[in-house]
Amino acid sequence: MSVNDMEVRTGVFICNCGQSMKNIDFDALAKKAASVPGVISVTLSSDLCLDEGMKRMISLIRDGSVNRVVIAACSPDSKEHIFRHVLETAGLNGNLLSVANIREQCAWAHKGDVTGKAEELVRMAADRARLLRPVERRELPVNPDVLVVGGGFSALSTALGLSAVGLRTTVLEREAIPGTGTGDKENLQGFDVGSVIAAAERDANIDILTSARIVAVEGVLGDYTVTISKDGAEISRRCGAIVLATGFRTQLAPGSDMPIDDQVASGARVVSQEQLVCMLNNSVLDARPRTVGFVFDLADDSSRYTTLATLNNALAVRARWGSEVYVICRDVKVDSEGAERMYQSARECGVVFLKCDSALKIAVDNGRIAVEARDVFLGEDIVVSCDLLVAEELPFAADGAEVLGSLSGVRMDSRGFYQDENVHLYPVGSDRKGVFCVGGCRGNPDIVRVLADVSSVVASICGLLSPGHIEADIEKVKVDPQKCVACLTCIRVCPHSAIQLMRVEDGKDAAVISDLACDACGVCAAICPAKAIEFEGYRDDEIAAQLEAIGEACMGG
Amino acid sequence: MVSDKVRDAMQHPRIRLLTGAVLRGLSGGPGDFRVEIVREPRYVDAERCIACGLCSEVCPTDPKAIYLPKPDAVPLVHVLDDRFCLRARGKNCELCQEVCPTEAIEFNRKRQEEDLNVGAIVVATGFEVFDAREKGSLGYGRYSNVLTGLDLEHMFRRKGELRLPGNDKEPESIAFIQCVGSRDEGHVYCSHVCCKYAMKLAALIRHQSLDTKVTIFYIDLQTAGKGFARFFDDYRGDIRFVRGVPVEILQTASGELEVKFEDISQGKVCRDTFDLVVLSVGISPRTDSWDLARILGIDMADDGFFDTATSVGSNDTGVGGIFLAGTCQGPKDIADSVAHGIGAASRVMELLGMPVQADG
C-alpha cells in the first residue's frame, strides 16, 4: 500500500528553540495544532534539530504512527535539509514534510505575543501536509559520450580534457580542416593551436568529423540525438552532453578602414591584427614599416581581445622591426591576467599610448596614413602618420551561431554571444541542461579565460556523465495526459527545453516532461491553460488549502 | 552568495568542512599526501548551537561578546568574540554557558591536532582587501567621510541606504577614486573588480537619490565582461567621469573633503569638494601566503600571489598534486573565480580519477 492510499496521520513537531521564543505560548500552540484534521500527535521540544530532539520523530515514523510530518521551528533555509534527511533515514519520503517558520518569520519578526500567527502558520503547514504526496528519487541512466561543436582551440582542448577523464567525444568541424576558422587568433595570444589539433587527431577517444554541421538536436540531458549533415548525407549521433565551442570572428570597426585603391596608390596599408601576425612571421618582408599605428577600444567597450592582441603585437613589432609604435585608444582594458605588466613593458620599450575620447579621422597623406585624434592629455589634435595601421576590430560570434543556438536551445546575449545560465555562478552552463558553451562563442575571447572555461566544462560534464547515471526526482512536475490538449504552451515557455510532445498510450498526443531536464521552476504548471500540469509540493489544492487555513484561523479568532 | 556556497558544501555528503583549521605540515606526494592541521578551539560548538540567541541576551558586555555574525551566517551559529569577552580579561563570567539550552558553549576546549590523508590539494585562500591606510594622503582612517568601496557595500547591506558616517545626513556629492592599491609601483596588476563595483555602487546611490552628484576618478575604465558595457551605457550620462586619480584629500574646516586632481581638459591642477569620498580598494595577495607557500613548497609570483607552472593562468602549481583556485592565484571577478575553481576540480579529477560513489 502506498503512502497515498493510507490514512493521513500527521505528526506535528514544535520546537521552542531552547525556550528562546518567549512571545509564543507553546502550550496553546500545541493544543491548537492537535485540533487540526489529520493531526494525530503533537510533540513539543526545545532542541528538535539536535540528535536528542529528533529521537521521538524518528521513532514515531519508524513504528508507522506518523506518515506526514509538520515541523514548526526555525527557517527552512537553515534546517529543512536536516529534517528531510531524518525523514528519509527513518523510512518516510522526504517530500512528506511541511515546515512552518515560527522563528524568523514570526517570533523574531514581531514584538509582543504572536501565538495567533504561529497557530495560523502551523495550521497552514498541517493542512498542506495532508495533501502532500511522495516524490521518488531514482538513478536514471545517461549516455556518457559528448558532442563538441567547433574545431578550433577551445573545442579541441575541451575534447582533450574530456578524454583525459575517460570520456569519448565527437568533434564537429564545419570546415574541411580543423582549426580553419580559428585562424591566428589564439596563436597571436601566444598559443600553439597546431599542437592541440595534432594531439586531438592522435587521441583514440576523439572522433573528428570535418565538413559537418548540426541539422537538428533532439532529446534531453543524458540522451541527446543529434542529426549531422556531412558530405551531403545525414548521419545521427547520440550523446549525453553537447559543448558549443564555435569561437568568434572579428571585423574591422566601421570607419577604421581605408579604401583599397588608396592603400594601393599610397603603398601604406590598413591591416587586422591577424594580418599583422602574418607579416611579422614573414621573414622576407622587404620593407619594414617605419611607423606602425594601432587603434582599439574606441568603437567597442568590451575590447579585451583587441587590447591583448595590441599589447602582444606592439611588443613584437618593437622587437622584430624596431618600428616606432603609436597606440590610440580610449581605455586600456587591463582586467586580464598579465595585461598590466604587458602594458608596462610596452611603455618601457618605447610604445607611445595616446588616449582619445572622440572619433578618429583616417586619411592618406603624402603616401602615408594620417590618423588624426584628439589626445585627451595634451588637449590637442595629434596627427600620427604611419606606414602601417592596425585597425580596430569588433568581435562577433561566429557565422551561424544564432542558428546553432536556436537548434540547441541556447539563448543569445545582447551582443550576439551565447548567454550563460548564470553569468556569475555558472558561467559555462546554458539554460538547457547538458548543453555548455566555452570560450569565444560566449564572449570570452582571451586565452586565460578560454582555458578556465575549458577546464570548468570538463569538470561539469565529468561530474554529470561519468558515473553513467544521474539521480533525479521522478515526476516532481508531471502532465496529466487526459487533461493535456496538446496546445504546446508549456513547450514554448519551458526555459530548459525539458518538455516534448509525445504519443502517449491511448494514441493521444500529450506533453511529456523529462525528469532529467526539468529544473522544477514551475513555469509550465503556472501557465498551463488546461491545468494539466501538477508540481508536487505546489499543487493548486495544496496552495488553496494553505490559503483557506488563513481564512479559517482569522474567523476562529 | 558565498553563504549559499558554504551551505551547499556543508550539506554535501562528500565534503567535510573544517573551520578554525590551520595547515602545519605536509609530506608525501600526488595521490598520497599527509597533511598536518591544527584546529583552534571554537567556544561555541557549531553542531549544537541552535542560534536561539539566549546567550547574546544575557551577555553583560557592550558590544556583546557573543553574537550571530550576520543574520544569514552559514553555519547559523553564534560566535564568541575574544575582543569583548570578560573572560579574556581574566574575569570569571559564565552567563552564556549557563543559559545555553543545548550545552553548546564550553570554555575549556583545547586546540586539536589532526592528520589527513589526501590525494590532491587545492589552495583557494583568496585575497586581502588592500588596506587604504597605506595611502596616507587619501585620509582613510583619519577622515570619517572617506570610506572604502567595501565599507559602502556593508552600509548598503546593513542600513539599506547611504548616510554620511560623520553626521548621518544624505550626501550631496560623492567621489569614487579608482585603482587604490592597484596599478601602482607595488601592485603591477589591475584588480578586475573595482570599476564594476564602483559603477554598481554609483548606480545604487543614484537609485537612492537622483540629486546626488557622483564623480568617478579613473585611469582606464574596465568595461569588458558579460553585459557590463551595456550597464555602463545606462549610467554613463548620470555620472561624471574624470581621467586621472587624485593623490591627496584634505578635510576642510566645514568637514567637506577637498580633492586635489589634475583636470586634463584644462591642463591644470584643480580642487573640488565632496561630502563623501569612496576609495575603490583593490585585491591584494594575502600576507600569510608566504607561510602556506613554504609549507606546501609552491612558488610565489612577483606580485605576491601564488605562481603557476605555466605563464598563462592555469590551476597547476610547480608541485604535482597541488592546484590553485580563485584569487589566491591573481585578481579575478566572481565568474572568473567560479570558472577557475571548477577548473581546479577538473585537474584533480584528471589526477585521481572520478570518485567512487559512496552512497550510489
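In what follows, the angle between two elements is taken between the N-to-C directions of their axes, which are lines fitted to C-alpha atoms, and runs from 0 to 180 degrees. The model is predicted.

**A sheet in chain A and the helix across it**

With that convention, H3(A) runs at about 155 degrees to E4(A). The helix lies across strand E3 (68-73) and E4 of chain A. These strands belong to an open sheet of 4 strands in chain A, ordered E2-E1-E3-E4 with parallel pairing. Strand E2 (39-45) and strand E4 (97-101) of chain A are at the edges and have a single partner strand each, so one side of each has no neighbour in the sheet. From one strand to the next, the twist averages 15 degrees.

Within this sheet, strand E1 (residues 10-15) of chain A pairs with E2(A) in the parallel sense, over 6 bridges. Val12(A) has Val42(A) in E2(A) as its bridge partner.

**Chain A as a whole**

Chain A contains 16 helices and 28 strands. Its radius of gyration is 32 Å, whereas a compact globule of 557 residues would have a value near 24 Å. The C-alpha trace of chain A spans about 95 × 60 × 40 Å along its principal axes. Of the 557 residues in chain A, 49% are buried. Among contacts in chain A with a separation of 6 or more, 72% are between residues 24 or more positions apart.

**Domains of both chains**

The domain assignment divides chain A as listed in the table.

| Domain of chain A | Residues |
|---|---|
| domain 1 | residues 10-135 |
| domain 2 | residues 146-247 + 398-469 |
| domain 3 | residues 250-395 |
| domain 4 | residues 475-535 |

Taken over C-alpha atoms, the centres of domain 1 and domain 3 of chain A are separated by 69 Å.

For chain B, the assignment gives domain 1 (1-37 + 113-127 + 292-360), domain 2 (41-110) and domain 3 (130-282). The C-alpha centres of domain 1 and domain 2 of chain B are 31 Å apart. Contact between these two domains involves 6 residues of domain 1 of chain B and 4 residues of domain 2 of chain B. On the side of domain 1 of chain B that touches domain 2 of chain B, there are 2 nonpolar, 3 polar and 1 charged residues.

**A loop residue in chain B**

Asp62(B) sits in the loop between helix H2 (54-58) and strand E3 (66-67) of chain B. Is Asp62(B) buried or exposed? Asp62(B) has 7 C-beta neighbours inside 10 Å and therefore counts as exposed, since the exposed class takes residues with 12 or fewer. Between Asp62(B) and Cys85(B), the C-alpha to C-alpha distance is 9.6 Å, and the two residues are 23 residues apart in sequence.

**The contact between the chains**

Chain A gives 53 residues to the contact and chain B gives 49 residues. On the side of chain A that touches chain B, the elements that give two or more residues are helix H3 (76-90), helix H6 (153-164), helix H11 (339-348) and helix H13 (447-465) of chain A. Which element gives the most to this side of chain A? H13(A) does, with 12 residues. By class, the side of chain A that touches chain B comprises 22 nonpolar, 18 polar and 13 charged residues.

Key: Residues numbered from 1 in each chain as written. Chains lettered and ligands numbered in written order. Predicted model: local features only at pLDDT ≥ 70, side-chain atom pairs only at ≥ 80, totals over all residues. Domains from an automatic or database assignment. Contact = placed C-beta atoms within 7 Å. Nonpolar A, V, L, I, M, F, W, Y, C, P; charged D, E, K, R; others polar. Pairing = 2+ DSSP bridges. Rg over C-alpha atoms; globule rule 2.2 N^0.38 Å. Buried ≥ 20, exposed ≤ 12 C-beta atoms within 10 Å, placed from the backbone.
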